[in-house]
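Visitor: I would like to learn how to read cavities and helix packing. Could you take me through an example?

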Amino acid sequence: MEIRLEELSKHYGKLAAVDALSLHVRDGEFLALLGPSGCGKTTTLLMLAGILRPTGGTIRFGDRVVNLVPPQERNIGMVFQSYALYPHMTAYQNIVYPLRLRRTPEAEMRQQAEKVADRLEISPLLQRKPGELSGGQQQRVALARALIKQPDILLFDEPLSNLDARLRLSTRSEIKRLQKEFGITSVFVTHDQVEALTMADRIAVMRDGKLEALGTPNELYERPQTRFVASFIGHPPMNLLPATLTYDGGQTTVRAARAELDVPDSLARRLNGNRQPEREVLFGVRPEDLTPSPDGQIEGEVDLVEPLGRDDLLIIRAGDTQIHALAPAASGYRTGASLRLRLDPDRIHLFDPSTERSLFWHQT
């Protein structure tokens with residue numbers, strides 16, 4: 001089932017929670033709505049579910065406009081952050097509740113419940129009540145309740161937020177596997193960029209009620225179109241440093257953190273009409289693209305070392321600039337150590353400080 005949002009808006013007085021959002025979710029696609037708190041992603045999901053009515057714009061499920069269609073007639077399954085299970089009902093009773101509302105015969109309900117419970121590996125838990133289940137087990141019951149309806153669309157509202165780190169890891173792979181097996185068009189709301197990067201076919205990044213960027217996880221990570229996307233996607237986040245871009249005699253050079261770097265022709269050609277003799281820019285480089293090396297272009301001093309397990313996060317002072325870099329834990333860097341950082345020129349990013357748009361990627 002395709003979903004199309006056309007200039008979709010939701011206003012509360014003068015506040016635009018969602019502002020003229022246009023988005024196409026392909027049939028069978030797993031799309032993540034990603035953004036910080038208050039960006040409009042949950043409001044968008046609740047309008048898809050029919051819980052909130054749009055102020056303006058259109059929601060289409062396939063060829064059908066559903067703006068005024070009540071939730072129970074949209075054939076959607078929804079999985080909430082809080083699980084939303086009835087505490088006085090058993091897992092089985094919670095799972096079949098949507099079918100009971102449809103007055104489905106008892107034998108058919110039991111058959112469908114056993115089938116979906118078997119797929120989710122919760123068959124031994126069907127006679128337990130939610131209070132007797134772990135968080136991960138409750139989440140599976142909630143997912144089974146959504147799937148038993150055989151919905152056209154699955155909506156997830158931050159379903160992993162209440163799980164511990166280990167359960168989040170296993171549950172997100174399980175949700176992704178089931179979504180692919182069932183082939184159900186799914187919209188997944190999250191503020192966690194790791195969830196979005198690992199689960200989604202495409203990610204819609206939202207900011208202040210608007211669509212900031214849309215693309216595959218790899219596209220948004222490798223070619224961020226705006227400063228916001230560059231800083232929001234990736235952990236540790238991208239270094240964004242004030243810099244000067246110069247163009248002289250066919251050579252484009254960027255100066256940042258007391259270092260000067262020639263911009264590769266493959267990237268410089270993307271500047272098109274933006275080539276000026278000199279201009280101020282934001283220079284971006286990811287911590288994993290900075291490597292301690294005796295012949296590195298950037299010289300600095302280690303302010304702090306944060307162990308991350310396999311790697312150490314080095315917080316480095318280069319003049320008045322702070323830079324984050326990753327080094328193998330075995331490198332043994334300590335606070336106060338001097339070092340040089342080598343970066344790959346092909347991995348740099350440049351942004352316009354006023355528009356915050358990428359100088360390389362926004363036109364591709």
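**Cavities and a helix pair**

Guide: The second largest cavity has a volume of about 40 Å³. Keep in mind that this is a predicted model.

Visitor: Which residues line the second largest cavity?

Guide: Its lining consists of Leu120, Gly136, Gln139, Arg140, Leu143, Thr171, Glu174 and Ile175. Two elements, α4 (135-147) and α5 (165-182), each give two or more residues. The top contributor is α4, with four. By class, the lining has three nonpolar, three polar and two charged residues.

Visitor: How is such space found, and how many cavities are there of 30 Å³ or more?

Guide: A probe the size of a water molecule is rolled over the atoms to show where empty space is left. Here, searching the whole structure gives four cavities of 30 Å³ or more.

Visitor: What surrounds the largest cavity?

Guide: Val254, Ala256, Ala259, Glu260, Leu261, Phe283, Gln297, Ile298 and Leu343 line it. Strands β12 (251-256) and β13 (259-262) each supply two or more of these. The most come from β13, with three residues. Seven lining residues are nonpolar, one is polar and one is charged.

Visitor: Now the helices. At what angle do α2 and α3 pack?

Guide: Helix α2 (residues 91-101) packs on α3 (residues 106-119) at about 125°, with the axes 10 Å apart. The pair is therefore oblique. Their crossing is right-handed.

Visitor: Which residues meet there?

Guide: From α2 come Tyr92, Ile95, Val96, Leu99 and Arg100; they meet Glu106, Met109, Arg110, Gln112, Ala113 and Val116 of α3. This contact has seven nonpolar, one polar and three charged residues.

Terms used:
Residues numbered from 1 in each chain as written. Predicted model: local features only at pLDDT ≥ 70, side-chain atom pairs only at ≥ 80, totals over all residues. Heavy atoms only, no water. Axes fitted to C-alpha atoms, helices over the stretch in contact; angles between N-to-C directions. Parallel < 35°, antiparallel > 145°, perpendicular 65-115°, else oblique. Left-handed = near helix turned anticlockwise from the far one by under 90°. Contact = heavy atoms within 4.5 Å. Nonpolar A, V, L, I, M, F, W, Y, C, P; charged D, E, K, R; others polar. 1 Å grid on protein atoms, 1.4 Å probe; cavity = no way out; pocket = protein on both sides within 12 Å on 5 of 7 lines; lining within 4 Å. Points joined across faces, edges and corners; volume = space filled by probe spheres on them.
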